[in-house]
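Please read this briefing alongside the sequence and the coordinates.

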Amino acid sequence: SFVAGVIHPWRVGAFERLLWRACRGYLGESITWVIFLISYWGEQIGQKIRKISDCFHCHVYPYPESEASREETMNGLHSQIQDLSVVLEETEQYLSQVLDKVVVALPAWKVQVQKMKAIYLILNQCSFDVTQKCLIAEVWCPVRDLTQVQDALRQGSYKSGSSVECFVQRIPTSESPPTLIRTNKFTAGFQNIVDAYGVASYQEVNPAPYAIITFPFIFAIMFGDVGHGLLMFLFALWMVVYENRPSLRQASNEIWQTFFEGRYLILLMGAFSIYTGFIYNECFSKATVIFPSAWSVATMANHSSWSSAYLATHPSLTLDPNVTGVFRGPYPFGIDPIWSLATNHLNFLNSFKMKMSVVLGIVHMGFGVLLGVFNHVHFKQRHRLVLEFLPEMVFLLALFGYLVFLIFYKWITFSAADSLVAPSILIHFIDMFLFTSNANNLPLYRGQVAVQTVLVVLALASVPVLLLGTPLYLCCRWRRPTKSHHGPVATEEQEPLLEGQEAGNSVNATKEDVESGGHSPDAEHLDFAEIFMHQAIHTIEYCLGCVSNTASYLRLWALSLAHAQLSEVLWTMVMRNGFVGLSYVGGVVLVPVFAAFAVLTVAILLVMEGLSAFLHALRLHWVEFQNKFYVGAGYKLCPFAFTPDVGE
């Protein structure tokens, strides 16, 4: 007789050894490692083999005795296999059809599941009412969107068939409301720069609208070059034109995402750099002759004794503007291109850019102090106009505003004819603080010493006003009780929800919260030591900051000169070598030279220098400009919204 079956390959060795022992060495030859065929004699041996097969979990198949029965069994197995194959094939086709339909619906299902999870996450944060049937949620909502919120709640109640209508009720709170600043794709980049410093306090003046102009302009002062600005402008313009492409918007590279999100910022930086490049008259470090030069070499040659021997021994010639006809007035726009040929052009640009940096820096800081007026007026803190804004402006203008006046006065008063006797502004400014005069440095105008003495006295007198004014005012106001201190907190709480609301008020902020910017001065206990300490820190920081911040704006001069010199070095060391060859050799050499020039221009001047100028412009806005009026102690409103990958 025979026993046929199937066994796991790992069990074959042990199976054979045990069979060999049970059959006393009389064991049939196995056909394969998996399929086996055992021949034996005697029913007793057959029972032992079957028991052993059962122990090893073998699938044993019956072995018919006759040939006809075996053929019939084989045919039955083949037909069964064919039936199973047909069933498997049809099942696979059905599953494939089901999966094809699932693939189409899977994104929508995924969105629905994620939306449901996000909604239930918010619902779990709500609390039940006393009846355990309604959900109560305490949220911040902009006043402008209250009507939309109520309409959405009514529609939700109607569509859900709820017997209780959803409603919004205003609740009083002493917490400072969050800050919501609505932006678009153009202003978002500038707002992110401000938010990186600190989110604006509730209803505080937002510096972002002014940074749309001042930030690219300050960057361009340090990056002024027509060629480099044009390359940056075209790169940003390409991102703006194709901003809706998924390949650009959904790129996984973090650095690329940073550039793409700031594409409008880069666009303006490039445009302003082109403008300042025309002012500096620099295009890849070379001057452009848009208008004829105002200097006449021919006139100088006709009025001087420049002989052939003189020209041979003097490689550099001096143009005297005092000679009639040599200098015919200022250049129409920007710097005269003849300065690029002068040996003293660096000294000229040094003086020009240094004074320009000081003037623009003081104007920028003064504008920041002026923006503080809007905070004082909006928060009903009128006393700060007299006790803080006025002494701050007096201190800034009496010292550094006067410095700007001296710069312009010297530019207007002194010409080339009396330039040798022109006094030094720096020495005058130092003598101003020392209350003295220098006999070797002539005064710019009559009575200069007296005027400077009065200005310094005014600046010094403004310091104690700035230091003690606000603390003493708050102390006197606290000691003199008024009706507003002990009367009702606000009548606005009794008004209807959607009527009588001002555009700037929060849903649940009281009137005094709005007036004080979330920090009510009418607290039960005022810590005057803390107020005085805060005011002392502010006074020291402002007075010393006016000096250090003015010096900090000299980075505009330094970065601008560094960018111009790097451009000139790159042209001289690389590009000019391609023009020295003659005939076809120069043309062949020019190809790799231009490739190296292009790579170095992009890598060094556009990327590295651009990043350096960007960081310095960022510092000037954060430290020198925003600290004059911006607190940035708020927090963003984070409304419920589905993530971008979930979709709408």
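This is a predicted model: local features need pLDDT of at least 70, side-chain atom pairs count only at pLDDT 80 or more; totals for chains, interfaces and linings use all residues.

Residues are numbered from 1 along each chain as its sequence is written, and side-chain values use heavy atoms, with hydrogens and water left out.

**Overall make-up**

- The secondary structure of the protein comes to 21 helices and five strands, where helices (H or I, at least four residues) and strands (E, at least two) are DSSP runs numbered from the N terminus.
- Of the 648 residues in the protein, 36% are buried; buried means under 20% relative accessible area, exposed means over 50%, and partly exposed lies in between (1.4 Å probe, protein chains only).
- The protein has an accessible surface of about 39700 Å², and 65% of this belongs to carbon and sulfur atoms; the areas come from the Shrake-Rupley method with a 1.4 Å probe, and for residues only the protein chains shown count as cover.
- Taking contacts between residues at least 6 apart in sequence, 75% join residues at least 24 apart, contact meaning heavy atoms within 4.5 Å.

**Helix packing**

- Two packed helices are described by the angle between their axes and the distance between the axes; axes are lines fitted to C-alpha atoms, for helices over the stretch in contact, and angles run from 0 to 180 degrees between N-to-C directions.
- Angles under 35 degrees count as roughly parallel, over 145 as roughly antiparallel, 65 to 115 as roughly perpendicular and the rest as oblique.
- A crossing is left-handed if the near helix is turned anticlockwise from the far one by less than a right angle, and right-handed if clockwise.
- Residue classes are as follows: Ala, Val, Leu, Ile, Met, Phe, Trp, Tyr, Cys and Pro count as nonpolar, Asp, Glu, Lys and Arg as charged, and the others, Gly among them, as polar.
- Helix 1 (residues 12-22) and helix 2 (residues 43-55) have axes that come within 10 Å and cross at roughly 160°, which means that helix 1 is roughly antiparallel to helix 2. The crossing of helix 1 and helix 2 is right-handed.
- On the helix 1 side this contact is made by Phe 15, Leu 18, Leu 19 and Ala 22, and on the helix 2 side by Ile 45, Ile 49, Ile 52 and Ser 53. By class, the contact of helix 1 with helix 2 has seven nonpolar residues, one polar and no charged.
- Helix 6 (residues 208-222) packs on helix 10 (residues 263-280) at an angle of about 50°, with the axes 8 Å apart, and helix 6 is therefore oblique to helix 10. The crossing of helix 6 and helix 10 is right-handed.
- Residues of helix 6 including Phe 215, Phe 217 and Phe 219 meet residues of helix 10 including Met 269, Phe 272 and Tyr 275. The contact of helix 6 with helix 10 divides into 14 nonpolar, two polar and no charged residues.
- Helix 14 (residues 383-413) and helix 16 (residues 448-479) pack at about 155° with their axes 8 Å apart, and are therefore roughly antiparallel to each other. The crossing of helix 14 and helix 16 is left-handed, and the residues of their contact comprise 18 nonpolar, six polar and two charged.

**Single residues**

- Phe 56, in the loop between helix 2 and strand 3 (59-61), counts as buried because its relative accessible area is 13%. Phe 56 touches Ile 7, Arg 11, Ala 14, Phe 15 and Leu 18, not counting residues up to four places away in sequence. Phe 56 and Phe 15 are 41 residues apart in sequence and 7.2 Å apart in space, C-alpha to C-alpha.
- Val 194 is found in helix 5 (residues 188-197) and is buried, with a relative accessible area of 1%. Leaving aside neighbours within four places in sequence, the contacts of Val 194 include Pro 207 and Tyr 630. The C-alpha atoms of Val 194 and Tyr 630 are separated by 10.0 Å, although the two are 436 residues apart along the chain.
- His 383, found in helix 14, counts as buried at 13% relative accessibility.
- Leu 590 is found in helix 21 (residues 583-625) and, at 26% relative accessibility, counts as partly exposed.
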